[in-house]
Amino acid sequence: METELNHMREYYEGGYTKEASWREAQLKGLRSFIIEKQEDIMNALLQDLGKHQVEAFRDEIGTLMKTLNLALKNLKKWMSAKKAELPKIALLTSAEIVPEPFGLVLIISSWNFPFGLSLEPVIGAVAAGNTVVLKPSELSPACSSVLASGLATYLDHKAIKVIQGGPQETQQLLHQRWDKIFFTGSAHVGRIVMSAAVNHLTPVTLELGGKCPAVVDSLSSSWDIEVAVKRIAVGKFGTCAGQACIAIDYVIVEKEYCSKLVELLKVWIKKMFGENPKHTKTISRIVNKHHFFRLKNLLADAKVNESVVYGGSMDEQDLFIEPTILVDPPLEASIMTEEIFGPLLPIITVGKIEDSIKFLRSRPKPLALYVFTKSQTLQRRILSETSSGSLTFNDAILQYAADTLPFGGVGESGFGMYHGKFSFDTFSHHKAIVRRSFLTDFWYRYPPWTLNKLQL
Ligand code: NAD
């Protein structure tokens, strides 16, 4: 591995990857890979996650095409030096900020959006002129194998490599010297990554997860309620069956409003996923037995189990878990202390919706916070009194698709950001350049220090 990485470093030192033409060729190569291998990508997503083609297109293929087109359109602009203002006293001096690549970067990704979470950062890294090693997740092997063969065929294999494997191979990679590490996964492994990065003072971006809440205010118009419920249902069950870092983890609602919300959720779950969701193939499957039993165990506690008001059926053979709603499970139960990452939706009731603020503040800062309300006062209070990676009013997941918004966490949900131009910046060092003339010079800037120099 070390020899291979040394070759990649030498290639980087040769300067090829810094050329705009090289970067453009890689982005075009990625675009051809996605277009020409679309069927293989969809089949692999079906095989690993039971992901429906529409979801596969919405969350991976379509989003990646959009990102690639944006990067290709803006590449030269992103690469160009940006002029910087200087104080007037700096006569005959100019300044600019020049983005330069870090060098050899490591991207470690997760299994739930295997193409999106691998290639979004790869796009940023190659647009910024880096050489890249991608380590996709071992838990989505069909997708990892399509990525490995696709990238080897469509991209410059001297500069971009896929190394497959699990924790052991990742640990080996982490022992090497990198110029940047971009990690998507759990906070637990995020800590391992950060500890390894210490050795070479390698900058890291950690895209982690956690519990993303949705606060639902009592909406009076029946249209508003229905739209909110549909967006909640798709933001949980229709996003890789809740196996998404920004999927709604749980809902907070006023006690009085809870039964209305539950009734409507039941109606829309049936409309979206059918009376028997196991047979409709619209909802993704749980990634493997380990995660299936992890989710099953979240319901095992008797008090949690008696809080189930809808769903709860499971099929181990098919790795299927029915969309499930729980009302007021104990707050100290694992389902309310651990990230759920599956189709179980606890609803927590509060006396007044404003009480949700105290609740949110008592828990780790989430990657995403969703608030369904028409009250400007509540919107203002949530914005100023809570902290989260992103905050979306009256919808869910949408922020992921916006190239103009930074995507990333805060606190336990990680740090650093990407998407659109932010990805390019994440994989660039922004070098400060000053160009000075010899023509003007000031005597008072040089020692010996005398007090009259202070008065000038
Ligand atoms: P994970 O942390 O178990 O694995 C992530 C990567 O780390 C994988 O490539 C895996 O091979 C590697 N890995 C696993 N254990 C390791 C170890 N002991 N040492 C070194 N490397 C190791 O996470 P996951 O199961 O792939 O994903 C689920 C988590 O990721 C959830 O917390 C979720 O919220 C988060 N996530 C975050 C985002 C985001 O964009 N912020 C996206 C998807 C998932």
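This is a predicted model: local features need pLDDT of at least 70, side-chain atom pairs count only at pLDDT 80 or more; totals for chains, interfaces and linings use all residues.

Modeller: Arg23, Gln26, Leu27 and Leu30 of α2 meet Leu119, Ile123, Val126 and Ala127 of α5. A contact here is a pair of residues whose C-beta atoms, placed from the backbone, lie within 7 Å. Residue numbers start from 1 along each chain as its sequence is written.

By class, the α2 contact with α5 has six nonpolar residues, one polar and one charged. Nonpolar covers Ala, Val, Leu, Ile, Met, Phe, Trp, Tyr, Cys and Pro, charged covers Asp, Glu, Lys and Arg, and the others, Gly among them, are polar. Helix α2 (residues 20-36) and α5 pack at an angle of about 160°, and their axes are 9 Å apart. The axes are lines fitted to C-alpha atoms, for helices over the stretch in contact, and the angle, from 0 to 180 degrees, is taken between N-to-C directions. α2 and α5 are therefore roughly antiparallel to each other; that label applies over 145 degrees, while under 35 is roughly parallel, 65 to 115 is roughly perpendicular and the rest is oblique.

Helix α3 (residues 38-49) and helix α6 (residues 141-154) pack at about 155°, with 7 Å between their axes. That angle makes α3 roughly antiparallel to α6. In class terms, this contact has seven nonpolar, one polar and two charged residues. On the α3 side the residues are Asp40, Ile41, Ala44, Leu45, Gln47 and Asp48, and they meet Pro141, Ala142, Cys143 and Val146 in α6.

Back to α5, and to the loop between β3 (104-108) and α5 (116-127), where Asn112 is found. Asn112 counts as buried because it has 28 C-beta neighbours inside 10 Å. The cut-offs, again with C-beta atoms placed from the backbone, are 20 or more others within 10 Å for buried, 12 or fewer for exposed, and in between for partly exposed. Not counting residues up to four places away in sequence, Asn112 touches Cys240, Gln243 and Ala244.

That takes us to the loop between α9 and β9, where Cys240 lies. Cys240 has a positive phi of about 50° although it is not a glycine, and with 28 C-beta neighbours inside 10 Å it is buried. Cys245 sits in the loop between α9 (222-236) and β9 (250-254) as well. Cys245 counts as buried, with 30 other C-beta atoms within 10 Å, and beyond its neighbours within four places in sequence it is in contact with Gly209 and Leu367.

An unreviewed UniProt entry gives the annotation "active site" to Glu207 and Cys245. UniProt positions are in the numbering used here, feature names are shortened, and annotations may be inferred rather than shown by experiment. The two span 39 residues in sequence, yet no two of their C-alpha atoms are more than 9.1 Å apart, so they gather at one spot. Glu207 is in strand β7 (residues 204-207) and is buried, with 27 C-beta neighbours inside 10 Å. Leaving aside neighbours within four places in sequence, Glu207 is in contact with Phe183, Thr184, Gly408, Gly409 and Gly414.

The ligand is the last stop. It is surrounded by 26 residues, of which the closest are Thr170, Gly185, Val189, Gly209 and Cys245. The largest share, three residues, comes from α7. The shell divides into ten nonpolar, twelve polar and four charged residues.

Key
A residue is near a molecule or strand if its C-beta atom, placed from the backbone, lies within 6 Å of it. Helices (H or I, at least four residues) and strands (E, at least two) are DSSP runs, numbered from the N terminus. Two residues are in contact if their C-beta atoms, placed from the backbone, lie within 7 Å.
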